[in-house]
Amino acid sequence: MKFLGAIGALLVVFAVGLFLKHGFEQGWFSMSPFWKCISGAGFGLLLLLVGEVVYRRINAFASAGFTAAGLGTMYASTLAAYGRFELLGTVPAFVLLALCAGMGIALSARARLVSVAVLSLVGGYMALFLLFDDEPSPWMVPAYLLMLLGVGLGLSGWLRGTFVVLRSLVWWATMVIGGVWAIGIATPATYVFGTAFVAIVWVMVHGELFAAARGSSGTYEPICLSEPLKWKRVRAVLVSFSTTAWCASLGAFLFYWSQTVPNWMAPMAGVAATLLGWNLLASHLRVLREVPTSDAERLGAGLALQAGGLLFAAVSLGLSGQAEVVLWLGR
C-alpha cells in the first residue's frame, strides 16, 4: 500500500505539472512574468509542505516524489526568473539556488532520502554556472565548491548505505568544475585562490579517506591480483592517487603562471603531505616488503608510494637543460 501510495503521489505531481505547463502555453493564466515565477515558486513550496505531511502520516518513501518535485519546481522558477525573464541578477539568483540546495539537503538528511540529496546537490552545482561569466569575487566559486564537497562527504560518512553515492558525485563535480575554474584564474594576481582551493580539497578528501579507513569495522580483505578487483578494496587507494595527481598537476600549473613561485614546489608540497599521511597511518610498515593488514595500512602504503613519485616529479621539474633530459631518460 505504501509503495502504491508513492506511485500515486508521483502521478499526481506529474499531472499537476503538465496541467500548469499546458495552461501557460494556452494563455489560461494571463499574468506577468514576475507572478509566473512567484506562482511557480509558491507551487514548489506547496509540494514541499505536502511532502512533509505525507512523510509524517505515511513514510519517507511515499514523500520522496512530492519533495523532489517541489525542489525541482523551485529550481526551475529561479532559473526562469534569471535566464528567461531577466528578473534577477547573478548574485540574487545564486543565493536563491543555494538556499534551495540547502533546504533539499536538510530534508534528505532528515528523511533519509538519497534521491532528494542527489537532486539538491545537482541543483547546487547548477547554480555555479551563473558565476562563471559574472563572478563577484574570486573566492566565491571555491568556497561554494568546498561547501558542497563537505556536505557530500559528511552525509555519505554519516548516513552511509545508499548515501555513499554522494561521495562520488561531489568528488567528480569538484574535480571537473574545480579544475576548469582553477585553470581559468591562473594569473599572477589570483593564483593564490586556486592554490588554496587545491590544498583544501586534498585535505578534505583524504580526511574522509582517513576516517573511513580507521573506522572500518569489517574484515580486512587484501588485494589479490589473481582475483577480480572489488571497488571496496581499491577505492581508498585509487581515490587518493587520483586526487593527489589532480592537486599536484593543478598546483604546478598555477605556480607556473604565477611567475613568482617555481612549479616544482607543488609536487614538493605533495611530498610533505603524503609523508605526513603515511606516518599517521602506517609508519611502522616497510613499504614494498610487508603486506598491509588493515585498510589504514593499505592507504598509508599508497601514500608512501605517492611521496616517492611526487619527489621524482619535483626533482625533474626543478632541473633544466641537459640534466633534466638525463633524469627523464633514466626514469
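What we have here is a predicted model, and the chain holds twelve helices and zero strands, so that, reading from the N terminus on, the elements run α-α-α-α-α-α-α-α-α-α-α-α. Of the 331 residues in the chain, 41% are buried.

Let me turn to the pair. Helix α2, residues 33-57, packs with helix α3, residues 60-84, at an angle of about 165°, and their axes are 8 Å apart. Because angles over 145 degrees count as roughly antiparallel, α2 and α3 are therefore roughly antiparallel to each other. The crossing of these two helices is left-handed, and the residues of the contact of α2 with α3 divide into 17 nonpolar, eight polar and no charged.

Within α10, the buried residues are A266, P267, G270, V271, T274, G277, L281 and A282. These residues cover an arc of only 140° around the axis, which puts them on the same side of α10. As background to that pattern, an α-helix has 3.6 residues a turn, so residues three or four places apart point the same way.

How values were computed
Residues are numbered from 1 along each chain as its sequence is written. This is a predicted model: local features need pLDDT of at least 70, side-chain atom pairs count only at pLDDT 80 or more; totals for chains, interfaces and linings use all residues. Side-chain values use heavy atoms; hydrogens and water are left out. Buried means under 20% relative accessible area, exposed over 50%, partly exposed in between (1.4 Å probe, protein chains only). Helices (H or I, at least four residues) and strands (E, at least two) are DSSP runs, numbered from the N terminus. The arc is that of the directions from the helix axis to the C-beta atoms. Axes are lines fitted to C-alpha atoms, for helices over the stretch in contact, and angles run from 0 to 180 degrees between N-to-C directions. Angles under 35 degrees count as roughly parallel, over 145 as roughly antiparallel, 65 to 115 as roughly perpendicular and the rest as oblique. A crossing is left-handed if the near helix is turned anticlockwise from the far one by less than a right angle, and right-handed if clockwise. Ala, Val, Leu, Ile, Met, Phe, Trp, Tyr, Cys and Pro count as nonpolar, Asp, Glu, Lys and Arg as charged, and the others, Gly among them, as polar.
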